[in-house]
Each structure stands twice: as structure tokens, then as C-alpha cells.
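I set out below my notebook entries on this model. The sequence and structure come first, and the entries follow.

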Amino acid sequence: MPGEGGKSDMERIGLFSEMEYITVGDKYVSQYDRPFNEAASKNKQMLPGGSKEMSDLQAGYFEPHFVRIFEGEGYANLNQVRRKRMMEEAKKNLGKAFLPSNGEKKSCGVGSYYGTIGGPVPFFSAQSKPREKYEAPGKNLYTSPGKKGTGYGYANVTIGKPFTHSADVYDAAKLNYKKDNEEHHRLLKGGPFRLNLYPKEYFDTNPYFSEKSLPPIKKAEKKEVLPSPFKPSSPGKKAGGMKAGTFDPYPSHSADPYSAKSEKPSKIAKVFHPPGGPKSRPIESIMTLNVKR
């Protein structure tokens, strides 16, 4: 739209023309259905032809024909080169090679000096050295042999003299007590002091003693022994769901006549009606439980 001064919006922005919309009218394609590389599936692609394996054929190389590294080089024999080098090294020797006069000698046993350079060593010789004549020393001091025993329970095995035997009376303690008791009674001047005012002892010798006469002896009552125990005529009957285990047969039905309805109380005299208490639950009878068992 033209604005102020007669210029359009495109002229004021500085663009020659309005930008085109590229995706106008294109079909919607989800981002999940788009190919990863769309250009790889259109037009011709570069085909490398696969990898080549190394072989003796010319197809295993990049060049159309085999190219040598050295063109026109001479043939060299490795054995000839090795011999030539050995001859040059041999010229450096001043004299002939050292050769031993004989081969090495093998020992003929443990401790043998055969084949050694120095030979036998006199220090390690097994020959005995000369010694002076042996003179036996003098005799030892002879004493009486030691006495056998540990000293406890054995006689004449200690340094000192043995103890002499002293007689010991068998009932010495009893005889000494008897003598001391006689000496004690001899020193007493009179008998024991006794009072006549003491009629009897403080405690009776028999705690169950009583001056009252004993009651007559009760005779044990003899119970009448029945000749034989009571046995019922027949064993007890088990409940089988039909009143077979009861003493009396099933009670007969008694008719319950309808009674006349009571008249409604007047509104003046109100009757007390207690509130409804907790309701009982259905309970199976004992007979039904016995039948199920």
C-alpha cells in the first residue's frame, strides 16, 4: 500500500520485489517419513567397483602394468657378497686363529684334579698330618657311687644323719584328755550348785503331752459296694438330622388361633415405644451344623 510521499512498502524497505514462497502448494511430508539422504536415491551415483585383494595378477594393482622400482640395475648374488665381506674382515687379523693343543678334559669323578690347570692342592689333601704320640692322662679321683633315691622315704641318702625313731602311742590324744579331765575334777572343791525351788523344766520334753483325756476313736464308715457297675441298655444315639438322638419325639404342632386385634390407644394416653436396638444376624441351628458334619 502506498504510504506517505507516494512510495510503496517495498520501495521504502529497499527491495526490488516481494520474496517468493518456495513451499506454497507442496504436499506435506512428515519428518519421520523423510529419507536420510534424499540425493543418494536420485540421478546417477559414483560406483567404486568394490575393493581389490592383493594377488599376483595385474588386477590387484592400480597401474595397468607392473612398474619396477629400479630400471636397469644389475643382478647381485647374496652369497657372493657375504663371502667378499668375510674375506675383507679376515685381512684385518694379524696372525693365525688360536687353536688349543688338545680338547678339554673331562673329570673322572668328584674330587679329582684330572683336567685342571693347576693340579692337586696340597692343602686339600686327605693324608693325615704327623702328630705327637698320645699320652693318656692320669686316673680320676675315685669316690663312692651316688646313693639311689630322692631322699623322701629312703634311709641313708641325705648328707646328714638319719633321724632316730621316736615311739608314738596310738591313743595319745585320748589319754592326754583323760588325764586333764581327772586333774580338773581333782581341783574342784564340791559338787554342782542345785536349787530345790525349780519344780520342773521350762519346756516339756514332749510337746504333744496333754492332761485331757483323748476322744473316742472314730470308726471308719464302710461304704456299700455295688455288685456290678451300671450299664445303659443301649449306647447314646448320634444326631442324624431326624431327631433320632433325642429322648422325646419331635413335638406335635399346636394350633395358634388368631386373637382379636387390640383397639388403638387414644391420643391422650401415649404408649411408650422403645427405640429399635441392634438387629440379629441369621444363625444356623445346631442340628444343621451336625447334619453338615
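**Basis of the entries**

I worked on a predicted model, in which local features need pLDDT of at least 70 and side-chain atom pairs count only at pLDDT 80 or more, while totals for chains, interfaces and linings use all residues. Residues are numbered from 1 along each chain as its sequence is written, and side-chain values use heavy atoms, with hydrogens and water left out.

**Confidence**

I looked up pLDDT, the predictor's confidence in each residue, from 0 to 100. The protein chain has a mean pLDDT of 77, and 81% of its residues reach 70 or more. I found the lowest confidence in helix α1 (residues 9-13), with a mean of 73, and the highest in α2, at 94.

**Secondary structure and burial**

I took helices (H or I, at least four residues) and strands (E, at least two) as DSSP runs, numbered from the N terminus. The protein chain contains 4 helices and 0 strands, and I read its pattern along the sequence as α-α-α-α.

For burial I used relative accessible area: buried is under 20%, exposed over 50%, and partly exposed in between (1.4 Å probe, protein chains only). Of the 293 residues in the protein chain, buried residues make up 0%.

I then turned to contacts (heavy atoms within 4.5 Å). Among those in the protein chain with a separation of 6 or more, 12% join residues 24 or more positions apart.

**The salt bridges**

I found E89 in a salt bridge with K92, with the closest N and O atoms 3.8 Å apart. E89 is partly exposed at 42% relative accessibility, and K92 is exposed at 60%.

R186 forms a salt bridge with E183, and here the closest N and O atoms are 2.3 Å apart. I placed both in helix α3 (residues 172-187), where they are 3 residues apart and so separated by about one helical turn. R186 is exposed at 55%, whereas E183 is partly exposed at 37%.

**Helix α3**

What distance separates the end C-alpha atoms of α3? I found 23 Å, which agrees with the 22 Å that its 16 residues should span at 1.5 Å a residue; the expected span is 1.5 Å times one less than the number of residues. Helix α3 is hardly covered, with 0 buried residues among its 16.

Key. A salt bridge is a side-chain nitrogen of Lys or Arg within 4 Å of a carboxyl oxygen of Asp or Glu.
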